[in-house]
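Keep the 3D view open as you read.

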Amino acid sequence: MSEKRDALMSVIDQLAKLLPLLASDKVGEVSNAASRIVHVLGKVRLDWHDLVEILRQDPVPAATRNSSPFESDQEALARLAASATYFLNSERDVFADITINGHRETWPLASAQYAQWLMHAFWKDKERIPKDAQLKETMRLVKAHALFSGADRHEVHLRVAELDERIYLDLGDDSWRAVEICAGGWRIVQTPPVRFRRTAGMLPLPLPVRGGTVDELRPFVNLADADFMLVVAFLADMLRVGRPHPVLYLAGGEGTAKSTLTRLLGSLIDPHRLKLRGLPNVRDLFVAAHNQAIICFDNISLITPEVSDGLCRLSSGVGFAKRKNYTDGEEFGVAGAHPIILNGIENCIDRPDLADRAIVLNLPRVDPERRRSESDFWATFEAARPRILGAILDIAVHGLANNNEPRAPQLARVADFQGWAMACETAFSKPGGFESAFAANISATVEGLIDGEPVAKAVAALMLGRSTWQGTAAELFSELTRHDQTEARVSRLPTWPRDPARLSKDLRAMQPTLAKGGIVVEFGKALDRRRTRLVKIWNTDAEASHGQDSPDNGLHIDEVDGPRTEIPRE
């Protein structure tokens, strides 16, 4: 029998390819396979009876039958899939950790990359292509096993992650290395303790180099000193996750290099093949955020109210969910805060909610003597990029080391950004330099917002030279319309409210912005039978200059009408 076993092993590879064909549902393939098996066995003087007898006396254990002629393609796919490690994220999506060329890669089970890996493993094992139906069935089996067999839980991040007071930056290279940043310094790690996912279009970062300073970025940007500090703070903020981010808006006409600056800033932390994109609708806005950590929008001419609200949710991490196509109950959701960069000829942010989260920089025209060709500019920048990236990492190290120090008592809407920037501040500016530049930027943004909203502009003009005004909404409407004190005569504009109710609505929307500009607006009801709604306006700057407190005129604030002077913070 040993001679027959040796004879069988000499043709086992040929039989391994033929025997699975006996289960084929194609006409004629079974009989052809059987004839070829008889021919192969006959070459070594064996027949079907010898084959059955040998296998019965010396069966191959199922767990080790890599080349067993009786292993089906479905079983082979399941065996090969088991070589990966599977886990779930917080949304119970299944991911696979796969070891490739000595390093770990992480892919969603439903991704094309996982299917390609499994198909490649099957080809190496069997030297044939599996059927699509078999691949899909195997992936469904793996998903069911991961969901109901107690798989580990890990969060999966895009480009930047944080764990145990350390920041991890995915380099995006073929070895899946990352930079680990802590209060003691930064280093390159081969297998980071966090999981990253890769999306189509992601480009690798250069290996950061030590010894650079952030001032090496100055020759490539068209910014004043105060604006440069804000941009550096924004770059450092790109390395934080799980917290709100500001929206950076670069405003400038032709020749201000706004598109170049947008592209450059995005490439420092999250380079992508799609360097700039147009501003889409809300759904596509969040689809873009799902695939790119830092999103750059070019040449904005209009921000609709819906998109403005979407940008607020995206920068704050509120998230977005919508029913998946071709399903009844499943949702597509995107969560997490993202840094956003916008640019346009003029500042198109005209809603207070987005303006509260924005850093608006007005770019000067580039000096003709500083202009150079695109190829020369980007070649020079690419040469400096490793040292600039290293300098940004040094700033983050400094921030982590100083993150528990006291912060400014007056926090803006983007308080997390403000606190982190102040922790990093002395690594790129003198103490107080950032806070001064940030306060000036907020003041300029508020002035621009008031100047662009007719009702707010009219109220600001009304309060020039006076400390308080009080009356009904109808009286205020009459005062602003008949005695318009603005230079532009905003009451004649088509957007001017047509009645007191519309005026009240517009005024409520601008309450926080006017408060930042020193004009406090309160709505209340007088204690009479008519319950007449009163509006009280006072100029805090005028009161401060006269050393007066706001007088109590018997006005009682109706809580239903909204807050008095507090500005909500995040």
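The largest pocket is lined by 50 residues, and those nearest its centre are Asn89, Asp93, Phe95, Arg197 and His290. Here a pocket is an open set of points on a 1 Å grid over the protein atoms alone, with protein on both sides within 12 Å along at least five of seven lines, and a lining residue has an atom within 4 Å of a point. The elements giving two or more residues to this lining are E2, E3, helix H7 (132-148), strand E5 (156-157), helix H10 (282-291) and strand E14 (331-334). Helices (H or I, at least four residues) and strands (E, at least two) are DSSP runs, numbered from the N terminus. H7 provides the largest share, five residues. The pocket holds about 1,600 Å³ of space, where a volume is the space filled by probe spheres set on the points, joined across faces, edges and corners.

This is a predicted model, in which local features need pLDDT of at least 70 and side-chain atom pairs count only at pLDDT 80 or more, while totals for chains, interfaces and linings use all residues. Residues are numbered from 1 along each chain as its sequence is written, and side-chain values use heavy atoms, with hydrogens and water left out.

By class, the lining of the largest pocket has 24 nonpolar, 13 polar and 13 charged residues. Nonpolar covers Ala, Val, Leu, Ile, Met, Phe, Trp, Tyr, Cys and Pro; charged covers Asp, Glu, Lys and Arg; the others, Gly among them, are polar.

Now turn to the second largest pocket, with about 970 Å³ of space. Its lining has 37 residues, of which Ile349, Asp350, Arg351, Leu449 and Glu453 lie nearest the centre. Helix H15 (433-452) is one of the contributing elements, and its eight residues make up the largest share.

Why is strand E2 (residues 94-100) largely enclosed by the rest of the structure? Five of its seven residues are buried, so the rest of the structure largely encloses E2; buried means under 20% relative accessible area with a 1.4 Å probe, protein chains only.

E2 also has partners, where pairing takes at least two DSSP bridges between two strands. Strand E1 (residues 85-88) pairs with E2 in the antiparallel sense over four bridges, and strand E3 (residues 103-108) pairs with E2, also antiparallel, over six bridges. Follow Asp97 across: it is the bridge partner of Thr85, and in E3 its bridge partner is Thr106. Five residues lie between E1 and E2, with Arg92 in the turn at a positive phi of about 65°; two residues lie between E2 and E3, with Asn101 in the turn at a positive phi of about 50°.

How values were computed: Buried < 20%, exposed > 50% of the residue type's maximum accessible area, 1.4 Å probe, protein only. 1 Å grid on protein atoms, 1.4 Å probe; cavity = no way out; pocket = protein on both sides within 12 Å on 5 of 7 lines; lining within 4 Å.
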